[in-house]
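Colleague: Could you walk me through this model in plain terms? I would like to start with the charged side chains and then move on to the helices and the core.

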Amino acid sequence: MPDGFEGAYAYARVCGSLARSYLGERTAALAMSSRVGEAWRSIFGEPPPALPEAELATAAELAVRARAVKALRGIAGSLIRAVPFFESLTRRWEFAYLKNVLAAVADRSTEAPGTGDPELEPGFHASAYPDLEAMLKDGRYGWVVEAGLEDLPAVKNRLDRQYYTELWAALRELPAGLAGSIPYLLRLEAELQNLLWGLRLKRYYSMGADEIEPLLIRLKGVDAVSQTLRAIGRRADARSEWALWKWERLIPDARREDGGEWYFDVRGFEAAAHDFLFQRLYHRLHFELDSYVPLYCYFRIKEFETTAIHGIIEGIKLEAPAAEMMAFAARTTGGRP
């Protein structure tokens with residue numbers, strides 16, 4: 001057991017933190033806020049900064065992410081820096097920040113975006129903004145300089161795949177007793193992410209398997225790709241073609257809104273897949289207390305929470321119907337209080 005890691009203590013703190021989180025019904029209630037400032041008061045328990053609505057929404061989204069980061073650091077402590085797996089896991093925030101920086105460079109913005117987290121130390125030279133080569137050439141993101149930003153979505157896709165590749169490699173270095181069911185959960189996440197990505201590309205961009213396959217996450221030694229290739233090879237207007245498919249249980253059996261024949265509902269499938277993963281994480285969190293499983297599940301669940309709050313704040317800013325935002329919040333966080 002690593003120095004300073006007490007599984008039962010970490011688990012107790014995880015449960016205490018989640019009890020205060022915006023999950024399920026509590027998140028849905030947040031959607032009843034009429035203004036971003038009102039949501040800010042609900043989330044942070046203090047008056048919002050004196051900013052225009054759009055700027056306040058951005059500040060709130062960054063503050064929510066920073067709060068999630070702080071919570072994990074408080075529970076995991078020195079493990080985040082001492083254990084390469086946790087360093088790789090929490091690098092998700094660095095990847096997200098880098099995407100914002102690259103978008104700003106592509107848009108020729110005069111100022112680099114803020115991190116929203118004063119403790120985040122990017123693994124690239126952010127101070128050299130907007131000089132792409134000076135920022136990235138010496139580190140893990142050096143390939144971006146060669147690739148360029150002409151096709152920014154492709155660069156972001158490769159960054160996503162790089163994150164999972166590095167995380168999987170770090171996970172394989174953990175002792176089995178500490179890793180527990182994390183390999184299963186991470187492979188599950190990668191497979192579902194590939195499915196959602198592949199189905200969206202086929203549905204909305206009419207891309208074929210040859211174009212989609214290079215864009216999928218690959219994990220060394222396990223298969224996270226084949227189900228996506230099988231799915232995009234099926235007809236979206238023939239329900240019978242999906243019979244006995246591994247993920248058939250997540251397919252919404254609904255007719256098209258125009259009253260026509262059945263058609264594969266990509267958005268409905270995405271909501272069901274997110275809920276399935278959330279429930280698996282929530283379930284596994286309460287087992288294997290002497291392993292890193294509760295900490296891993298906690299990190300992923302806090303990402304669900306952050307995504308839900310981000311969506312609600314965007315919805316409030318755009319004056320979306322409260323019922324629509326409540327449904328989104330419940331779907332995103334597993335319908336749990």
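This is a predicted model: local features need pLDDT of at least 70, side-chain atom pairs count only at pLDDT 80 or more; totals for chains, interfaces and linings use all residues.

Colleague: Where does R140 sit, and what is its relative accessible area?

Modeller: R140 lies in the loop between helix 7 (132-136) and helix 8 (143-147). Helices here are DSSP runs (H or I, at least four residues), numbered from the N terminus. Buried means under 20% relative accessible area, exposed over 50%, and partly exposed in between (1.4 Å probe, protein chains only). R140 is partly exposed because its relative accessible area is 35%.

Colleague: Which residues are linked with R140 in a network of salt bridges?

Modeller: A salt bridge is a side-chain nitrogen of Lys or Arg within 4 Å of a carboxyl oxygen of Asp or Glu. The side chain of R140 also makes a polar contact with that of E166, at 3.2 Å. A polar contact is a pair of N or O atoms within 3.5 Å; within protein, one must be able to donate a hydrogen and the other to accept it, and residues adjacent in sequence count only if both atoms are side-chain atoms. The network joins R140 with E87, R91 and E166.

Colleague: How many salt bridges does the count come to?

Modeller: Side chains of opposite charge can pair when their charged atoms come close. One of the pairs is R187 with E191, at 2.5 Å from N to O. By the salt-bridge rule, the count comes to 19.

Colleague: How many residues apart are R200 and E270?

Modeller: R200 forms a salt bridge with E270, and their closest N and O atoms are 3.2 Å apart. The pair links distant parts of the chain, with R200 in helix 11 and E270 in helix 14 (residues 266-284), and the separation is 70 residues.

Colleague: Which residue does R300 form a salt bridge with?

Modeller: R300 belongs to helix 15, and it is buried because its relative accessible area is 2%. With the closest N and O atoms 3.0 Å apart, the partner of R300 is E303.

Colleague: Turning to helix 1, within what arc do its buried residues fall?

Modeller: The buried residues of helix 1 are G7, A10, Y11, V14, S17 and L18. Seen down the helix axis, they line one face, because they fall within an arc (that of the directions from the helix axis to the C-beta atoms) of 130 degrees.

Colleague: Which helices do the buried residues of helix 1 pack against?

Modeller: The face of helix 1 turned away from its buried side carries the exposed residues A8, Y9 and A19. The buried residues of helix 1 pack against helix 4 (53-76) and helix 15.

Colleague: And which residues have the most contacts inside the largest nonpolar core?

Modeller: A nonpolar core is a set of buried Ala, Val, Leu, Ile, Met, Phe, Trp, Tyr and Cys residues joined through side-chain atoms within 4.5 Å. The largest nonpolar core has 85 residues, and its largest share, 12 residues, comes from helix 6 (residues 84-106). Those with the most contacts inside it are F85, L102 and F269.

Definitions and conventions:
Residues are numbered from 1 along each chain as its sequence is written. Side-chain values use heavy atoms; hydrogens and water are left out. Helices (H or I, at least four residues) and strands (E, at least two) are DSSP runs, numbered from the N terminus. Contact means heavy atoms within 4.5 Å.
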